[in-house]
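Dear colleague,

Please read the notes with the coordinates open beside you.

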Amino acid sequence: MLSYLRKSNMKSGFVSIIGRPSTGKSTLLNSICEHQISIVSSTPQTTRNKIKGIFTDKRGQIIFIDTPGFHLSKKKFNIALMNNIYSAITETELILYVIDIQDEPSTEENEILTIISKTKTNLIVVINKIDILKTKEKEIMLFLEKKGIKKDSIIKISAKKKTNIEILKDKIYENLQEGPLYYPEEYYTDQTMNLRTSEIIRGVVIKKLKEELPYSLYTEIELLEDRKNKLLIKANIIVAGESQKGIIVGKEGKGIKSIGEEARRIISKIFEKKCDLFLQVKLRKNWNKNTKLIKNLVN
């Protein structure tokens, strides 16, 4: 990547955020960058792409790569997501390994640390959700000690409450070298407008229907026109089964209407423009078994 600008004594680098599903990785990214970049949801593996968030201050620039939740499974879709995680680990100078303080260490923790140990990448273990009362903190700390993780490489935070986020930023900069700004200072993500819009819509669907709808859906932008004072967007919500269409549309169309209203509000707020959003639900049977399509979706 070509550097955008270099200032003396500034640090920069790429940092991957990894961990099991629903540990708060996306919330952490959004908290540090102070913008909604990645979908936040309790639904496992909501994040599919390697989402980049960019934080710049007087000390330098940190480019974060938010990855899908680490989950051991032989399903095609999960394998594609796992490949994203592996590539992120090898492409970055620092790894933030996020652990949910409520979760007792399991097979995934062992596998994650085994993978990290095979690299020469620096590691910070981030124990998240310290604002929650019932925890597995003792078990987690004992597990990390047995794995040889030093206490000065562990930081306890609440991404949701932004507790100790500044301390974490300081620790990240300690692990980076002097380098250029890879992006202009005002950038907080490198995602295209199409991708961000698509992810906003998908995030709203997941938020509203997570109890009823499997997460085997995706969104595609059919039309996006960026006019002077308004965005015109036509988007499709793609599902794998016929029954899912009815769940999204809802009784008398109330479901799709509610999704459209919230997505429109978020899009307007982020892009600071009025938005005309038109949504359709389309069926593509068993799309989640199509290797080529999956590869396109998770890259």
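Two strands are taken to pair if DSSP finds at least two bridges between them. Please keep in mind throughout that this is a predicted model.

With that criterion, β8 and strand β9 (residues 230–239) pair in the antiparallel sense, over nine bridges, and within this part of the model L217 stands opposite V239 in β9. Helix α6, which spans residues 193–209, packs on the sheet and touches β8, β9 and β10, while its direction makes about 135 degrees with that of β8.

The sheet itself is an open one of three strands, in the order β8-β9-β10, and its pairing is mixed. Its edge strands are β8 (217–226) and β10 (274–283), each of which pairs on one side only, and the twist from one strand to the next averages 20 degrees. Helix α8 (residues 254–271) lies across β9 and β10 and runs at about 140 degrees to β10.

Elsewhere, strand β1 (residues 11–19) is joined to β3 by seven bridges, and the two run parallel; here F14 stands opposite I63 in β3. Strand β3 (residues 60–66) is largely enclosed by the rest of the structure, because seven of its seven residues are buried. Both of its faces are covered, with G60, I62, F64 and D66 buried on one side and Q61, I63 and I65 buried on the other.

With best wishes

Terms used. Residues numbered from 1 in each chain as written. Predicted model: local features only at pLDDT ≥ 70, side-chain atom pairs only at ≥ 80, totals over all residues. Heavy atoms only, no water. Buried < 20%, exposed > 50% of the residue type's maximum accessible area, 1.4 Å probe, protein only. Helix = DSSP H or I, 4+ residues; strand = E, 2+ residues; numbered from the N terminus. Axes fitted to C-alpha atoms, helices over the stretch in contact; angles between N-to-C directions. Contact = heavy atoms within 4.5 Å.
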